[in-house]
Amino acid sequence: MLGPHPSLRVGVDGLTTLTRFQGSRFKIDVPATPDMENYVESLNPLDLYQVRGLLNDEEQLVQDTVGRFVDDKVIPIIGQAFEDGRFPA
């Protein structure tokens, strides 16, 4: 877990609200129920569909290995490759 969900806020009145955006300009704060708070806090922004929970241990290991590879080898060069209009090698 990366921390509390950014949409979940505790106001000065002590009430927890969940901020929902409608369109690009309007914001709605609705009272958050305990069930909603638990659900929002359990969300992983990197796995919103909770795919990792469907994987067995070996598949999770593969996912972790690919993630490390992308972090170490792809992320450092992908920006320049994009600007150059080439496939990163």
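## The end of the chain

The side chain of Arg 86 makes a polar contact with the side chain of Asp 84, at 3.5 Å. A polar contact is a pair of N or O atoms within 3.5 Å; within protein, one must be able to donate a hydrogen and the other to accept it, and residues adjacent in sequence count only if both atoms are side-chain atoms. This is a predicted model, in which local features need pLDDT of at least 70, side-chain atom pairs count only at pLDDT 80 or more, and totals for chains, interfaces and linings use all residues. Residues are numbered from 1 along each chain as its sequence is written, and side-chain values use heavy atoms, with hydrogens and water left out.

Arg 86 sits in the segment after helix 2. Asp 84 and Arg 86 also form a salt bridge, with their closest N and O atoms 3.5 Å apart. A salt bridge is a side-chain nitrogen of Lys or Arg within 4 Å of a carboxyl oxygen of Asp or Glu. Arg 86 has 42% relative accessibility, so it counts as partly exposed. Asp 84 is partly exposed too, at 45%. The cut-offs are under 20% relative accessible area for buried and over 50% for exposed, with partly exposed in between (1.4 Å probe, protein chains only).

## The chain as a whole

The protein chain has two helices and three strands. Along the sequence they follow the pattern β-β-β-α-α. Helices (H or I, at least four residues) and strands (E, at least two) are DSSP runs, numbered from the N terminus.

The protein chain has 89 residues, and 11% of them count as buried. Take the contacts in the chain with a separation of 6 or more: residues 24 or more positions apart account for 21% of them. Contact here means heavy atoms within 4.5 Å.

## Helix 2

Helix 2 runs over residues 57–84 and has 28 residues. From first C-alpha to last, helix 2 reaches 39 Å, close to the 40 Å expected at 1.5 Å a residue. That expected span is 1.5 Å times one less than the number of residues.

At its N-terminal end, helix 2 is capped by Asn 56. A side-chain oxygen of Asn 56 lies 3.0 Å from the backbone nitrogen of Glu 58. Further along, helix 2 bends by about 50° at Val 74. The bend is the angle between axes fitted to the seven residues ending there and the seven starting there. After helix 2 comes Gly 85, whose phi is positive, near 70°.

Lys 73 also belongs to helix 2. Lys 73 is exposed, with a relative accessible area of 52%. Lys 73 and Pro 88 are 15 residues apart in sequence, and their C-alpha atoms are 9.8 Å apart in space.

## The loop between the helices

Asp 47 lies in the loop between helix 1 (34–42) and helix 2. Asp 47 is buried yet has no salt bridge. Its nearest side chain of opposite charge is Arg 52, 6.3 Å away. Lys and Arg count as positive and Asp and Glu as negative, while His and the chain ends are not counted. The side chain of Asp 47 does reach the backbone nitrogen of Arg 52, at 2.9 Å.

Gln 50 is found in this loop between helix 1 and helix 2 as well. The phi of Gln 50 is near 55°, a positive value in a residue other than glycine. Most residues other than glycine have a negative phi. At 44% relative accessibility, Gln 50 is partly exposed.

The salt bridge count comes to two. One of them joins Asp 64 and Arg 52, with the closest N and O atoms 3.0 Å apart. Asp 64 lies in helix 2 and Arg 52 in the loop between helix 1 and helix 2, so the pair ties together parts that are twelve residues apart in sequence. Asp 64 counts as partly exposed, at 31% relative accessibility. Arg 52, at 27%, is partly exposed as well.
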